[in-house]
Amino acid sequence: NGANWSERWAGTNAIGTSILLKQPVQIFSSEHFAQSCHDWVCSSAPVLNPLTNELLGVINLSTTTSSFNPISMMKTIEIANLIERILTHNYYQAREMIQTAYIEAISKWKNRVIILCDTKGKILKANSDIPHDEVTSLLSYTIENHLSSDVIEWENEANINGQTYQVKYKNLIWCEQFLGIIAILEKKDRIYKPTHNQHAKYSFRNLIGQSDAFNKILH
């Protein structure tokens, strides 16, 4: 912990060069920039995100020159490939989980806007043509302010395209990993509209009193 093997700070070495090139690298003895590493043979292979090709880390195997084995490079690549296969498997499992959560939300919350977004607030799926820019901005802000919280579900109001919505949020967690959020939006109607079968239980005709003060208040 704390060692920095980037090429900038350690010169040519298997880890730093592998990070720079995103390729497997093997550095022999005096090929290392640092003289203190000349007794070593180091084999490194990058671990890349299978979907984005983003560098996630490096597997490095270091041995002394006297105990060097020709298969060390092959072993390092094999371990990195195994990790990438596990990541790919986990990704598809996670994607299936959030798809299922979205479908279940649509079935449960009929006649409401259901939005599925990723960890950055980007909309992955929505069952409405609600303005995506405003919703993405809202969800990004919401995620940023709840990442450090242990709360899984919460509610608040939001104004989207001039309309007020009551929004129910639900974090999607899989294997202790945050995958995104499902937002359930219900338009808030502040005007009370009675149905046809409703009627007032009491009317002015039910009031009893004939004094001047009573009639004045009634008026």
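Helices (H or I, at least four residues) and strands (E, at least two) are DSSP runs, numbered from the N terminus. This briefing concerns a predicted model, in which local features need pLDDT of at least 70 and side-chain atom pairs count only at pLDDT 80 or more, while totals for chains, interfaces and linings use all residues. Residues are numbered from 1 along each chain as its sequence is written, and side-chain values use heavy atoms, with hydrogens and water left out.

- Three strands form an open sheet in the order 1-2-3, with antiparallel pairing; two strands pair if DSSP finds at least two bridges between them.
- Strand 1 (25-28) and strand 3 (55-64) are the edge strands, each pairing on one side only.
- Strand 2 (residues 40-48) pairs with strand 3 in the antiparallel sense over nine bridges, and Cys 42 stands opposite Ser 62 in strand 3.

**Helices against the sheet**

- Helix 2 (residues 14-21) lies across strand 1, strand 2 and strand 3, at about 30° to strand 2; axes are lines fitted to C-alpha atoms, for helices over the stretch in contact, and angles run from 0 to 180 degrees between N-to-C directions.
- Helix 3 (residues 72-108) packs on the sheet and touches strand 1, strand 2 and strand 3, where contact means heavy atoms within 4.5 Å.
- The direction of helix 3 makes about 20° with that of strand 2.

**Helix 2 and its ends**

- Ala 14, Gly 16, Thr 17 and Ser 18 of helix 2 are buried (under 20% relative accessible area, with exposed over 50% and partly exposed in between; 1.4 Å probe, protein chains only).
- The cover over these buried residues includes helix 1 (7-10), strand 1, strand 2 and strand 3.
- Just after helix 2, Lys 22 takes a positive phi of about 60°.

**Ser 43**

- Ser 43 lies in strand 2 and is buried, with a relative accessible area of 0%.
- Leaving aside neighbours within four places in sequence, Ser 43 has contacts that include Ala 14, Val 25, Ile 59, Leu 61 and Thr 76.

**The largest pocket**

- A pocket, found on a 1 Å grid over the protein atoms alone with a 1.4 Å probe, is an open set of points with protein on both sides within 12 Å along at least five of seven lines, and lining residues have an atom within 4 Å of a point.
- The largest pocket is lined by 23 residues, of which Leu 51, Tyr 91, Ala 94, Gln 177 and Leu 179 lie nearest its centre.
- Helix 3, strand 5 (123-126) and strand 8 (177-187) each supply at least two residues of this lining.
- Helix 3 gives the largest share, eight residues.
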